[in-house]
Amino acid sequence: MPPSSAAARRGGAAEDPAARRADERAAHRDAGPAAAPVRQTGTGGSPARRDAEATKAAILRAARHFLARQAHADITLKAVAERAGVSPPLILKYFGNKDTLFSQVMSFETDASALLDAPLTDLGGHMVRQVLVSQTRQGADPLLRIVFAPLHGDQGDILRENFRTQVTDRLAERLSGPDAGLRAELAVGTLLGLGVMFGIARGTHLRVLDVEAIVERYAPVVQAQLTP
């Protein structure tokens, strides 16, 4: 069994199964009809499929919002549903249960693919831009939920393991020369610092700058660890 699967089993045991089942039963029993998802426009695929994908994305965004603010055990499907504008049964329809939903939120796989999608010589600027654009235009961040791992008990161990294997180890594999693992961690740590100052501390001087102005100043700091 892969390490992440084993960790997921350990993390799932940290929450009271009876409480989780009660939450899911309440979701089926008490919730009203699902809010109609906003119809998406564009080409490719049927309207129903686009609506389903948009609804799933809204649910995942809501779950990420709570994961960055509350302990995993305290997050209810009802709260996630209300923020996403859907009913709790719709979450169960798409994800099955709370653990399955949050297993996707705790993964960095998709975010890491976008974060690392550039040639190594240009990767520093791309990574900085990705962190800033994700926050300013997409309402999310590819990295910052790792900052809240201490909130989540054993589930935080899953976040840490996923972050290491899916982000820093994956970046290290692309680096040549000595101390690739250390340099990958330093580069990602530098990005985390920027993300915290921009998105959490909301630095007033930083936030008035254009994204490309920040990239111009900050990218060389990251790139210095990638291609020293």
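In which helix is Thr190 found? Thr190 is found in helix 10. Before going further, please keep in mind that this is a predicted model.

**Around helix 10**

Is Thr190 buried or exposed? Thr190 counts as buried, because its relative accessibility is 18% and the cut-off for buried is under 20%. Setting aside neighbours within four places in sequence, the contacts of Thr190 are Tyr218, Val221 and Val222. Glu185 lies in helix 10 too, but Glu185 is partly exposed, with a relative accessible area of 48%.

For Thr190 and Gln225 the C-alpha atoms are 9.6 Å apart, and the sequence separation is 35 residues.

Helix 10 also has a loop on either side, and each loop holds a residue of interest. Asp179 sits in the loop between helix 9 (154–174) and helix 10, while Arg202 belongs to the loop between helix 10 and helix 11 (204–207). Phi of Asp179 is near 55°, which is a positive value in a residue other than glycine. Arg202 likewise has a positive phi near 55° and is not a glycine. Why does Asp179 count as exposed? Asp179 counts as exposed because its relative accessibility is 53%, and exposed means over 50%. Arg202, at 47%, counts as partly exposed.

| Residue | Relative accessibility | Class |
|---|---|---|
| Asp179 | 53% | exposed |
| Glu185 | 48% | partly exposed |
| Thr190 | 18% | buried |
| Arg202 | 47% | partly exposed |

In soluble globular proteins, nonpolar side chains tend to be buried together. Here, the largest nonpolar core has 57 residues, and the members that touch the most others are Val80, Ile91, Leu101, Leu143 and Leu171. Which helix supplies the largest share of this core? That is helix 10 (residues 180–200), with 8 residues.

Leaving out neighbours within four places in sequence, Val80 is in contact with Ile59, Ala62, Ala63, Phe66, Ile75, Ile91, Leu101 and Phe102.

**The second largest pocket**

The second largest pocket has a volume of about 300 Å³. Its lining consists of 14 residues, and those nearest its centre are Ala57, Leu60, Arg61, Arg64 and Asp111. Two or more lining residues come from each of helix 3 (47–67), helix 6 (98–105) and helix 7 (109–115). Helix 3 gives the most, with 4 residues. What is the make-up of this lining by class? The lining has 5 nonpolar, 4 polar and 5 charged residues.

**The chain as a whole**

Stepping back, the chain has 12 helices and 0 strands. Of its 228 residues, 43% count as buried. Among contacts with a separation of 6 or more, 67% are between residues 24 or more positions apart. The chain exposes about 11900 Å², and 53% of that area is supplied by carbon and sulfur atoms.

Technical notes: Residues numbered from 1 in each chain as written. Predicted model: local features only at pLDDT ≥ 70, side-chain atom pairs only at ≥ 80, totals over all residues. Heavy atoms only, no water. 1 Å grid on protein atoms, 1.4 Å probe; cavity = no way out; pocket = protein on both sides within 12 Å on 5 of 7 lines; lining within 4 Å. Points joined across faces, edges and corners; volume = space filled by probe spheres on them. Nonpolar A, V, L, I, M, F, W, Y, C, P; charged D, E, K, R; others polar. Core = buried A, V, L, I, M, F, W, Y, C linked by side-chain atoms within 4.5 Å. Buried < 20%, exposed > 50% of the residue type's maximum accessible area, 1.4 Å probe, protein only. Contact = heavy atoms within 4.5 Å. Areas by Shrake-Rupley, 256 points an atom, 1.4 Å probe, with all protein chains shown as cover.
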